[in-house]
2 protein chains.
Amino acid sequence: VLARLVREKLESLLDESYGTLAALLERWRGRIRAAFPDVTARRGLYESIVRGRVTALLRSGRGAEAERELLVQVDAGQGQARAGSVVLVGAGPGDPGLLTLRALRALQEADVILHDRLVSEEILDLARRDAQRIPVGKEAGHHSVPQAAINELMAQHAQAGRRVVRMKGGDPFVFGRGGEELEYLRALGIAYEVVPGITAAAACGAYAGIPLTHRDHSQSLRLVTAHCDPSGEGLDWRALASGRQTLAFYMGVARLGTVAEKLTEHGRAASTPVAIVENGTRHDQRVTIARLADLAAIAELGGVRAPALLIVGEVAALGAQLHWFGATPRLWPADVDQPAAVDEAA
Amino acid sequence: VLARLVREKLESLLDESYGTLAALLERWRGRIRAAFPDVTARRGLYESIVRGRVTALLRSGRGAEAERELLVQVDAGQGQARAGSVVLVGAGPGDPGLLTLRALRALQEADVILHDRLVSEEILDLARRDAQRIPVGKEAGHHSVPQAAINELMAQHAQAGRRVVRMKGGDPFVFGRGGEELEYLRALGIAYEVVPGITAAAACGAYAGIPLTHRDHSQSLRLVTAHCDPSGEGLDWRALASGRQTLAFYMGVARLGTVAEKLTEHGRAASTPVAIVENGTRHDQRVTIARLADLAAIAELGGVRAPALLIVGEVAALGAQLHWFGATPRLWPADVDQPAAVDEAA
């Protein structure tokens with residue numbers, strides 16, 4: 001039964017661009033044979049095409065350009081000197097099952113993988129065995145390799161003709177500095193693609209049973225970081241404190257108290273439900289459901305550890321009923337059987 | 001070369017829970033054989049276990065419960081009467097490559113698929129051929145089947161012992177009413193899982209080369225809908241108009257003018273860059289880059305069609321340089337070679 005299940009999965013594996021690629025190669029088969037009479041050289045060309053720019057163009061919906069690029073490579077006999085490229089990939093929150101199919105493909109085609117330390121081993125193990133893995137940061141908000149050095153590494157490997165995957169936790173364009181990396185690559189004329197990832201808010205919401213928006217409670221979702229701004233002075237707390245919206249804070253555990261203080265200072269009710277999701281989507285996921293007023297105490301006594309996401313808003317209370325993954329959520333304060341946050345949601 | 005590439009992909013296919021499942025079945029093999037001496041009945045039990053609640057529990061990180069459930073099924077000889085369940089799945093924006101591995105697995109295990117009309121054929125084709133597909137809405141914001149009827153359909157199929165996938169475009173918890181559906185299932189005691197999806201903002205940002213947050217421009221991202229609120233009166237425009245944040249509007253094309261009017265009225269500069277992404281991630285993706293002041297004209301003259309996402313904020317201008325997928329973005333007004341929005345980003 002297991003074997004049959006596996007077989008079923010195979011059907012869906014092929015990238016939809018492979019059919020197009022096969023047809024394209026079939027069409028120019030004669031010309032390829034003539035230009036590359038040697039079998040080994042021909043294999044090199046095919047290798048270059050399948051893993052290289054032609055396939056990337058097909059995947060980017062540029063069929064005509066792909067065909068032109070193919071012919072350029074064939075005519076120039078450039079089978080060996082393929083152009084390198086960078087794929088900026090979002091790895092999602094940690095569960096390898098939350099990788100996208102495109103992310104998996106990029107990993108499997110990469111020669112070099114520059115990855116944040118937050119990207120899990122299980123995910124990196126999906127790469128080709130002979131791919132070079134280079135950890136470059138960041139760990140809980142601290143960049144272990146400066147951004148300029150990361151940029152140079154990407155460029156250096158791509159310019160040497162390698163397929164580089166730059167893999168970041170979550171989504172590369174949500175607090176990921178992906179934009180800065182693309183600006184650098186663009187300036188050097190290096191080809192790139194971007195594969196979005198499941199960002200922590202969506203992942204933690206789903207796995208904690210907390211709908212981020214809800215017709216009755218919240219018509220807007222706001223993703224906020226405070227990593228680069230310890231005091232929180234750069235944030236518009238007045239706007240953040242306004243009601244009927246859900247806030248997801250990507251931030252250090254140490255700031256839980258500050259967030260609560262600032263939000264209540266600017267008018268959000270101290271009784272607003274909150275949820276802290278530690279190790280979201282991982283088997284050791286822990287969810288704490290409380291109220292805004294409890295955050296300082298939780299930070300001090302709750303043993304909360306990074307990576308953690310803070311969700312603020314009426315929807316947070318729904319996790320007490322709708323949870324389905326991993327351990328049952330911890331209700332805070334722990335000595336009360338049914339805290340008010342849960343009653344409100346009932 | 002293509003064949004080898006395909007082979008490489010196979011390695012990564014197996015759900016990490018299969019190893020655990022195989023070990024679990026191995027451990028209780030003797031008891032299973034004793035309880036189900038008949039081969040056909042035994043196969044039915046295995047089928048039920050692999051596709052059913054035991055595997056779902058393993059995937060939810062509940063190993064001990066999975067083992068208990070296995071033994072209950074074995075002892076009760078309930079091989080045939082497996083319990084149904086619902087998986088709430090985010091299908092992402094349209095490109096099948098943006099499905100997560102978990103979403104793909106859920107599709108392939110489903111007996112019944114209740115899907116929004118926005119979910120693409122290419123994605124639905126990844127399901128088992130004999131799965132029943134039921135379109136239930138919604139199409140560009142209009143629910144063709146009332147929510148109560150969708151809820152009843154889910155419950156009815158699950159209670160008949162089927163594995164139901166409820167598939168929504170984007171992410172089920174971001175403007176997807178997923179929370180309401182879970183509340184309904186929870187009340188009936190029907191088991192469920194949630195698989196997050198790539199929401200339109202992340203998808204369109206990635207495929208249009210628009211970083212949603214950027215150290216220099218935006219430290220916060222806000223996802224907003226106006227579908228259920230034509231006048232926009234329910235939105236806190238004052239908070240939305242505050243600077244240094246990126247806004248992503250999930251909304252009808254007809255409201256472009258209203259958004260521009262409200263935002264400028266509440267203080268956001270008329271020169272703020274905006275991007276409209278039509279058919280994001282699809283081969284016919286079209287991106288229009290303009291300024292807030294141009295939105296009314298674009299709505300009237302630009303031929304913009306749903307589904308479209310509106311991105312408001314300084315980062316929108318970066319798409320003019322960082323785009324990589326599909327057609328080159330249209331700069332508005334079209335007769336100006338380099339609109340100011342692009343200059344600002346340079």
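The following legends describe close-up views of a predicted model containing chains A and B.

**View 1. The interface of chain A and chain B.** In this predicted model, 93 residues of chain A contact 93 residues of chain B. About 8200 Å² is buried between the two chains, with carbon and sulfur atoms contributing 59% of that area. The interface holds 38 residue pairs in polar contact, both members at pLDDT 80 or more. On the side of chain A that touches chain B, helix α1 (residues 2–10) of chain A gives the most, with 7 residues. That side comprises 44 nonpolar, 22 polar and 27 charged residues.

**View 2. A salt bridge between the chains.** Across the interface of chain A and chain B, 2 salt bridges are found. One of them joins the side chains of Arg102(A) and Asp95(B), at 2.8 Å from N to O.

View 3. Strand β6 (residues 220–225) of chain A runs antiparallel to strand β6 (residues 220–225) of chain B, and 5 bridges join them. Within this pairing, Val224(A) lies opposite Ser220(B).

**View 4. The open sheet of chain B.** Five strands form an open sheet with parallel pairing, in the order β3-β2-β4-β1-β5. Its edge strands, β3 (132–135) and β5 (191–195), each pair on one side only. Neighbouring strands are turned against each other by 20 degrees on average, direction ignored.

**View 5. Strands β1 and β4 of chain B with helix α9.** Strand β1 (residues 85–90) pairs in the parallel sense with strand β4 (residues 163–168) over 6 bridges. Ser85(B) has Arg163(B) as its bridge partner in β4(B). Helix α9 (residues 147–159) of chain B packs on the sheet and touches β1, β2 (112–115), β3 and β4 of chain B. The direction of helix α9 makes about 155 degrees with that of β4(B).

Notes. Residues numbered from 1 in each chain as written. Chains lettered and ligands numbered in written order. Predicted model: local features only at pLDDT ≥ 70, side-chain atom pairs only at ≥ 80, totals over all residues. Heavy atoms only, no water. Contact = heavy atoms within 4.5 Å. Buried area = accessible area lost by both parts, 1.4 Å probe. Salt bridge = Lys/Arg side-chain N within 4 Å of Asp/Glu carboxyl O. Polar contact = N/O pair within 3.5 Å; in protein donor to acceptor, adjacent residues only side chain to side chain. Helix = DSSP H or I, 4+ residues; strand = E, 2+ residues; numbered from the N terminus. Nonpolar A, V, L, I, M, F, W, Y, C, P; charged D, E, K, R; others polar. Pairing = 2+ DSSP bridges. Axes fitted to C-alpha atoms, helices over the stretch in contact; angles between N-to-C directions.
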